[in-house]
Amino acid sequence: MDAREHQHRGGDEEAVAAGAASLLAVPAGHSGRRGRAADLHVLSAAFLFIFSAFCAAQNLETSVNTEGGLGTVSMGILYTSFTVFAVAASPVVTWLGSKRALVVGTSGYVLFILANLVPTWYTMVPASLYLGFTASIIWVGQGTYLTSAALSHARDNNLPEGPTLGSFNGEFWGMFASTQVIGNLISLALLRNGQDGGSVTGKNLLFVVFLGCMIVGIVLMCLLSKRDEKRNNAPTHSSFGAMMKYIVAPLKDRRMILIVPLIAYSGLQQAFVWAVFTKSIVTPVLGISGVGGAMAIYGAADVVCSLVAGRLTSGLHSATSIVSVGAILQAVVLFWLLLFYSPMGGLLGAAIPLFIGALWGVGDGVLNTQLSALLGLLFEDVKEAAFAQLKVWQSGAIAVIFFLSPNITLQAMLILMAIALIISFGSFLLLTLVVEKSSTARS
């Protein structure tokens, strides 16, 4: 009896140890492979280095490359290219595998930074076109890789899928939002306003530093574990028609139709910061060198909100509450800018753009985490196609802002943004009712 009791206790201790180890070690059946959480950390760090450089460069395009509107047109071309190629990105990612897609996708960002060292129409336009192609691959690959890692982690450790997806997306988007802090602080440190007030010095040094960040990010991307994508279940596209059928499949689902307006608005509000906020609100008050500081504040708010929103996500109900907070804050900013704002001097005048950036960053953090988590939950079976739809509508909306911003007034842009916010939020609320109704009917 004593021997059996001793053996039973020993077995219990071993079970407890094994259970604790399962959270830290590689799951059974996957010996030699890095854990899912470790892959998340590596993926987040790789994007941190690559997009610290790119996001800061993007923020400066409309203010630095001003000759003939080169910066604005280049960004419009980039996101138009992104929109076109994102339509076909999902079968490319399925064919390459998400890890290879991530590595290949980095090449366009390096070329774009190199083009900014010699910014002409002959360098920026081709670089922007190519970056649109590689960006579609890297972002569909990111959504697919992250969702696959999160769901695998949940199943291997008997965790609920909704909170696990929220946690993984919260960490990734929190790290990604940090790119706005780090990249823009580098810009703030290296750029100086020229003596004439309309030029800037230190640009070439800044882009060389950005190039170094890109190289570190590429190395990290190569260190990712290869995901088992269950290739035997992956769609095979024997013809162009079959490929297009797979790509547009999510659009046959009314849930996707209802979430598309919010996806499009998420692109509009990002481009508003890059193309309008930096040029029309920050630069007149703080100068070109102040863009980095304002965008760092925006990024810091984005980081905190992404992490908090990710931790609070447990399903559609929590997502509805979180999105509502972000939408209300951005609505307040839009209507205040539309009805009451005018540039001011002094300390208060300098603080206002920073405060606006912080509030806008909260909304961006909400949208990034919740959209990614919701697409992973609602469209698990066609996640590559779902994330391709995310980038098609998002990048298309971004392109619209870059092409429109030089041709319409700030007031007209604010009205457009307010209308888009109202429509997209209303559609999202309708989505919650549809999903809740279908869940009730099944039960």
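This is a predicted model: local features need pLDDT of at least 70, side-chain atom pairs count only at pLDDT 80 or more; totals for chains, interfaces and linings use all residues.

**Rings, buried residues and surface**

Biologist: By how much of a helical turn are Phe172 and Phe176 separated in helix α7?

Modeller: Helix α7 covers residues 161-190, and Phe172 and Phe176 lie 4 residues apart in it. Helices (H or I, at least four residues) and strands (E, at least two) are DSSP runs, numbered from the N terminus. Given that spacing in α7, Phe172 and Phe176 are therefore separated by about one helical turn.

Biologist: Where is the pLDDT below 50, in a stretch with 12 contacts beyond near neighbours in sequence?

Modeller: A contact here means heavy atoms within 4.5 Å. The stretch with 12 such contacts beyond near neighbours in sequence, and with pLDDT below 50, is residues 12-33.

Biologist: How many aromatic pairs does the structure hold?

Modeller: Rings of Phe, Tyr and Trp (its six-membered ring) pair if their centres lie within 6.5 Å; planes under 30 degrees apart count as stacked, over 60 as edge-to-face and the rest as tilted. By that rule, the number of aromatic pairs in the structure is 22.

Biologist: Of what kind is the pair of Tyr79 and Phe82: stacked or edge-to-face?

Modeller: Tyr79 and Phe82 are 3 residues apart in helix α3, which means about one helical turn between them. Their ring centres are 6.1 Å apart and their planes are at 25°, so the pair is stacked.

Biologist: And at what angle are the ring planes of Phe172 and Phe176?

Modeller: Both Phe172 and Phe176 are buried; that word means under 20% relative accessible area, with exposed over 50% and partly exposed in between (1.4 Å probe, protein chains only). Phe172 and Phe176 also belong to one aromatic cluster, whose members include Phe47, Tyr109 and Trp139. The Phe172 and Phe176 rings have centres 6.2 Å apart and count as stacked, because their planes are at 15°.

Biologist: Is Asn184 buried or exposed?

Modeller: Asn184 is in helix α7. Leaving aside residues up to four places away in sequence, Asn184 touches Ala56, Asn59, Thr179, Gly292, Gly293, Met295 and Ala296. Because its relative accessibility is 1%, Asn184 counts as buried.

Biologist: How far is Val93 from Ala385 in space?

Modeller: Val93 sits in helix α4 (residues 89-96) and is buried, with a relative accessible area of 2%. In sequence, Val93 and Ala385 are 292 residues apart, yet from C-alpha to C-alpha the separation is 9.7 Å.

Biologist: Which residue is 50 residues from Gln370 in sequence and 8.8 Å away in space?

Modeller: Gln370 belongs to helix α13 (residues 346-378) and, at 1% relative accessibility, counts as buried. Among the residues it touches, beyond those up to four places away in sequence, are Ala309 and Thr313. The residue 8.8 Å away, C-alpha to C-alpha, is Thr320.

Biologist: Which residue meets Arg255 in a salt bridge?

Modeller: Side chains of opposite charge can pair when their charged atoms come close. A salt bridge needs a side-chain nitrogen of Lys or Arg within 4 Å of a carboxyl oxygen of Asp or Glu, and the count comes to 1. At 2.7 Å, N to O, the partner of Arg255 is Asp253.

Biologist: How much accessible area does the nonpolar patch with Phe85 have?

Modeller: Patches are made of residues with over 30% relative accessible area and no salt bridge, joining like charges within 9 Å and nonpolar side chains (Val, Leu, Ile, Met, Phe, Trp, Tyr) within 5 Å. Phe85 is partly exposed, at 37%, and the patch also includes Val84 and Leu111. Helices α3 (70-86), α5 (98-117) and α6 (121-156) each give two or more residues to the patch. By the Shrake-Rupley method with a 1.4 Å probe, where only the protein chains shown count as cover for residues, the patch residues together have about 490 Å².

Definitions and conventions. Residues are numbered from 1 along each chain as its sequence is written. Side-chain values use heavy atoms; hydrogens and water are left out. pLDDT is the predictor's confidence in each residue, from 0 to 100.
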